[in-house]
Every structure is written in C-alpha cells, then in structure tokens.
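Subject: Handover of a structure for your review

Dear colleague,

I am passing on to you the structure shown below, together with an account of what was found in it. I would be grateful if you could read the notes with the structure open.

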Amino acid sequence: MRGLYIHIPFCISKCRYCDFYSLAGKTDLIEGYVSAVVREAEKYGGTSFKTMYVGGGTPSLLGPRRLADLVDGLRSHLQIDCLLEATIEANPESTDEDFLRMVRDIGFNRISIGVQSLDDDELKKAGRVHSSTQALKAIELAFNCGIDNVSADIIIGLPGQTVESLDNTLRKLVGIGLTHASVYCLSIEEGTAFAACPPADLPDDEFQASVYERVAGILKEYGFIHYEISNFALQGKECLHNLNYWRGGEYIGLGSSAASHVGGRRWKNEANLHAYMDDPLAAGIEEDIVDAETKMAEEAMLRLRLLEEGLDTGQLTMRYGLNEFKDLEKRLNILAGQKKLVKNGKRYKLAPGSILTSNHVFVDVIK
Ligand code: SF4
C-alpha cells in the first residue's frame, strides 16, 4: 500500500510545547505554497495512492477554497480517486461549517482535530489559541457535516493538569461520539518555549505514567481498542494511513520537511519554506541511506508499536532475508527473556508492562 502525505507548515501562533516544523504569522504565503506543492506532485505524475493525509502545522488554515485548489491540483497529477481513507488535520479556531463541507465534498472521510485538552486554563498555559467550547463545536460540526470518523489529539502532562481535568476531557469527547483518539505524553523539547521557560506546575513523570493507564482504561471502557502505543480507535476506525507507516509501507510526502519512503529508499525534503517555494523540485533533499540490517531493525521497532498486531518476523525475513535477521532475532529473544516483549511463535509483541517505557525497549531492538 502507498500513502500520500502533504505537509502544511503554517500555524496562527506557536504552541509553547511544539517542536514540529511549522511557522507562525506566515499565512500570506499559503496561496503560493499550495501552488508549490502541486508543482512538486507533478514529479510523481500518475502514481496511485490508497491513503492521503494532509497534516501540519494547521491544514484548516487553508480554508475551503485553497483546500479545493490543493486537492484539484493533486488530482491532475496523481491517482487519488480510489482512496481507502483521506484524513485532514484541523485546529478548532480555524474549523467552521464552510470548511468542513468542503472537506467532505472533496472526498475526505476522516478528520483529526487538535483538541489537546478541554480545560481552558490548560489550553491557555500551553499557548493554544482556541477554547474548549470551540473544540467541542468543531467535533460536533464535523459529525453534522457527515464526516463520521473524527479523531482528537489529547496531551497528558500539561501544566496545571489534574486527574479530574483529564477525566473530564476524555469523558466529554467520547460522550459526543469521538471515534479515534491520539494520546501523547508531553515532553519538553529543545527550542520550544517550555524548554526556555519551564512551567512551575508541570506534572511529574509519575503523574504521566499513572494517568496514561487511567486514560487507556477509560477509553477501553467506551469500546476503544488500544491499537498503537499512542492511538485508540473504535473497531474499524483505526488510521489506515498511519498503519501503513508502522507496517513499513511506502509513502510519498509533499511539502517542506515532508518525508518519503519508496522502493527501499528514504528521503526528506529540507525544512526550508522559502527554498521550497522558490523551486519545489530543486529544494534540498536529505537522503537517508542505511543498510538492510538497520532498515529491518527500524521496521521491527515500528511494527512493535502496534500493540494488537505486533511484529510478525516471518513477514520481516521474507522482505529482508534470513541472514540479516540473525542478530535482530537474538536481541528480540533477549527482550522476550526479560519479559519486555511477549513471544508467540514467530510473533513478538510489546509486553503490557513495557508500553510506557517502550523507548528504552526500542533502543535495544535497534542496537
Ligand atoms: S498548532 Fe500544532 S503544529 Fe501548530 S504550533 Fe501548535 S502544536 Fe505546533
């Protein structure tokens, strides 16, 4: 399966925890950026895709007209008429009925809304520019417009967050029919406002760990399947586009900083908006050259993120060969012996007790 990703690197302002490639206060460049993305798409003329994901940044800043221009332009070069899933990310403050109708009319069947919290105080401290009321309204409007797979991003560990406020956020979201939730633990990344000036009321790691299990419990109570470390979905509402990443599938990324993986080759467009817009075909490409063993270990690590499905090493050896697998197999078996992975025949899964410390496990899978 091949997925198409389009990166929209514009935001109204920079959230205090954010280290994604997105730029605040440059919305006047959106029009030119859309044209540049369409020009880049020409390079892959005729390629067909099964999923499409417009992410960012804040794709809802495109508004209805520029979103239609983008998708029409992509359609003129790429085969995107038989998509199994088309997702767009949106933020509550820039999501209105006109935009959502356009989203639906041009073929998106999934929307992922940056809610993060339904506590106004937490939102403000995190530098979000929307309120909890706007977030709930955006979700309800999406359902009313006929988009029946609606996901919300939620952050655990925001300054001032309590067990009660998080419970309230979750129960309100599932109460209005949310079908998918991506739940991330806040980490303070270099270069962010939080790193420069750490908030005094930041919950500690212990809070994050205990609350993470509570969140998983509440979502399971409402019928959600914990299918990936940070992702929960009602049956059949899993994100197909991201499943393809975690299964080591192929994808093409368009836009500044977007990554691609095709035919065993991986590359990334330079994160430089102006260079990209000047010439999207000539903008710097950073090629990621790794040997087969490293690639196989990285795919194993991605597949282990899938908690239900796990890693089928039979599939892995078919793709990369038995010889390349020997060292990795030793490492997987050591981790299984340490009860960090559960082994069943040729399949390995992350042990439930290792989900929260999965990064440490993955370091041992890769080395
Ligand atoms: S809206 Fe998203 S991408 Fe933009 S600054 Fe906030 S967290 Fe980052």
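I begin with helix H1, whose buried residues are covered by elements that include strand S1 (2-8), helix H2 (63-77), strand S11 (250-254) and helix H10 (273-278). Please bear in mind throughout that this is a predicted model. The buried residues of H1 are Tyr33, Val34, Ala36, Val37, Val38, Glu40 and Ala41. H1 itself comprises 13 residues (30-42), which should span 18 Å at 1.5 Å a residue; its end C-alpha atoms are 19 Å apart, in agreement with that expectation.

Helices with one buried side

Helix H8 covers residues 205-221. From the first C-alpha to the last, its 17 residues reach 24 Å, close to the 24 Å expected at 1.5 Å a residue. Four residues of H8 are buried, namely Val211, Tyr212, Val215 and Leu219. They lie on the same side of H8, because they cover an arc of only 120° around the axis. On the face turned away from the buried side, H8 carries the exposed residues Glu206, Glu213, Gly217, Lys220 and Glu221. After H8 comes Gly223, with a positive phi near 90°.

Helix H3 (97-105) has the buried residues Phe99, Leu100, Met102 and Val103. These cover an arc of only 160° around the axis, which puts them on the same side of H3. Their packing partners are H2, strand S5 (85-90), strand S6 (110-116) and helix H5 (132-144). Just after H3, Gly107 adopts a positive phi of about 105°.

Pairs of helices

Two packed helices are described by the angle between their axes and the distance between the axes. For helix H11 (residues 292-304) and helix H14 (residues 358-366), the axes come within 9 Å and cross at roughly 155°. An angle over 145 degrees counts as roughly antiparallel, so that is how H11 lies relative to H14. The crossing of H11 and H14 is right-handed. On the H11 side the contact is made by Ala297, Glu298, Ala300, Met301 and Leu304, and on the H14 side by Phe362, Val365 and Ile366.

For helix H12 (residues 313-320) and helix H13, the axes come within 8 Å and cross at roughly 135°. H12 and H13 are therefore oblique to each other. Thr313, Leu316, Thr317 and Tyr320 of H12 meet Leu322, Glu324 and Phe325 of H13.

Loops and backbone geometry

Which residues are joined by a cis peptide bond? They are Gly56 and Gly57, with omega at about 20°. Gly57 is located in the loop between strand S4 (51-56) and H2.

Ser257 has a positive phi of about 75°, although it is not a glycine. Ser257 sits in the loop between S11 and strand S12 (259-262), and it counts as partly exposed because it has 19 C-beta neighbours inside 10 Å. Lys339, also a residue other than glycine, has a positive phi near 65°. Lys339 belongs to the loop between helix H13 (322-337) and strand S16 (341-344). With 10 C-beta neighbours inside 10 Å, Lys339 counts as exposed.

Leaving aside residues up to four places away in sequence, Leu178 touches Ile139, Val150, Ala152 and Leu173. Leu178 and Ile139 are 39 residues apart along the chain, and their C-alpha atoms are separated by 7.8 Å.

Finally, Asp96 is found in the loop between S5 and H3. Asp96 counts as partly exposed, with 15 C-beta neighbours inside 10 Å. Between the C-alpha atoms of Asp96 and Leu341 there are 45 Å, and these two residues are 245 residues apart along the chain.

With kind regards

How values were computed
Residues are numbered from 1 along each chain as its sequence is written. This is a predicted model: local features need pLDDT of at least 70, side-chain atom pairs count only at pLDDT 80 or more; totals for chains, interfaces and linings use all residues. Helices (H or I, at least four residues) and strands (E, at least two) are DSSP runs, numbered from the N terminus. The expected span of a helix is 1.5 Å times one less than its number of residues. A residue is buried if 20 or more other C-beta atoms lie within 10 Å of its own, exposed if 12 or fewer, and partly exposed in between; C-beta atoms are placed from the backbone. The arc is that of the directions from the helix axis to the C-beta atoms. Two residues are in contact if their C-beta atoms, placed from the backbone, lie within 7 Å. Axes are lines fitted to C-alpha atoms, for helices over the stretch in contact, and angles run from 0 to 180 degrees between N-to-C directions. Angles under 35 degrees count as roughly parallel, over 145 as roughly antiparallel, 65 to 115 as roughly perpendicular and the rest as oblique. A crossing is left-handed if the near helix is turned anticlockwise from the far one by less than a right angle, and right-handed if clockwise.
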